Amino acid sequence: VRAREGVAVRLSERLLELGQGVERQWDVRVTIEINCSTDGLAQSLSDELYRVVQEGVVNAARHADASTIRVSLSLDDGCASLTIADDGKGFPFSGVYDLAALGRMDRGPVTPRERVAELRGNLTLSSATNVGTELVITVPLAHA
């Protein structure tokens with residue numbers, strides 16, 4: 001939740017605004033699917049999830065030459081689950097990699113990797129050259 005002009009703004013609303021802004025700026029179709037209520041999220045977690053999505057979507061629009069980007073958010077089993085998928089050119093490497101493998105290789109989206117690690121979450125990157133990229137991120141709702 002973020003305050004704007006004295007009004008609280010939910011994560012779901014922020015994500016929808018983000019999608020609209022990226023569509024306008026980069027001429028890409030952004031679909032935001034929110035399969036849950038985000039009202040009960042802690043402000044700090046809501047802010048971090050927003051930043052992860054923002055970085056993933058902007059990276060896809062700016063660097064991948066994507067024509068479509070899809071973001072999906074759900075909350076279940078004590079975790080927030082995010083998927084960010086695009087139909088862009090992918091990374092210069094192909095395959096499926098988890099957070100640890102990406103760190104060892106020093107590849108993939110650096111800032112989202114760091115944020116997810118700080119939140120004690122998991123990230124899986126699937127990339128195929130000229131087919132696109134999918135990031136699947138899970139973060140515990142209660143983290144120390």
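Colleague: Which element gives the most to the lining of the largest pocket?
Modeller: α2 does, with 4 residues. Keep in mind that this is a predicted model.

Colleague: What makes a residue part of that lining?
Modeller: A lining residue has an atom within 4 Å of a pocket point. For the largest pocket, 14 residues line it. N59, A60, A64, D86 and F91 lie nearest its centre. The volume is about 250 Å³.

Colleague: Which elements each supply at least two residues of the lining?
Modeller: α2 (43–63), β5 (79–86) and β8 (132–140).

Colleague: What is the order of the strands in the open sheet?
Modeller: The order is β3-β4-β5-β8-β7-β6, so 6 strands with mixed pairing.

Colleague: Why are β3 and β6 said to stand at the edges?
Modeller: Each has a single partner strand. One side of β3 (29–34) and one side of β6 (95–98) are therefore left without a neighbour in the sheet. Across this sheet, neighbouring strands are turned by 10° against each other on average, direction ignored.

Colleague: How do you know that α2 packs on the sheet?
Modeller: Contact means heavy atoms within 4.5 Å. α2 touches β4 (68–76), β5 and β8. Its direction makes about 10° with that of β5.

Colleague: How do you know that β5 and β8 pair?
Modeller: Two strands pair if there are at least two bridges between them. β5 and β8 have 8, in the antiparallel sense, so they pair. C79 stands opposite P140 in β8.

Colleague: What joins β7 to β8?
Modeller: 7 bridges join β7 (residues 122–128) to β8, and the two run antiparallel. The threshold is at least two, so this is a pair as well. N122 has T138 as its bridge partner in β8, and L123 stands opposite I137. The hairpin of β7 and β8 has 3 residues between the strands. In that hairpin, N130 takes a positive phi near 65°.

Colleague: Why is the reach of α2 called close to the expected value?
Modeller: The expected span is 1.5 Å times one less than the number of residues. α2 has 21 residues, so 30 Å is expected. From first C-alpha to last, α2 reaches 30 Å.

How values were computed:
Residues numbered from 1 in each chain as written. Predicted model: local features only at pLDDT ≥ 70, side-chain atom pairs only at ≥ 80, totals over all residues. Heavy atoms only, no water. 1 Å grid on protein atoms, 1.4 Å probe; cavity = no way out; pocket = protein on both sides within 12 Å on 5 of 7 lines; lining within 4 Å. Points joined across faces, edges and corners; volume = space filled by probe spheres on them. Axes fitted to C-alpha atoms, helices over the stretch in contact; angles between N-to-C directions.
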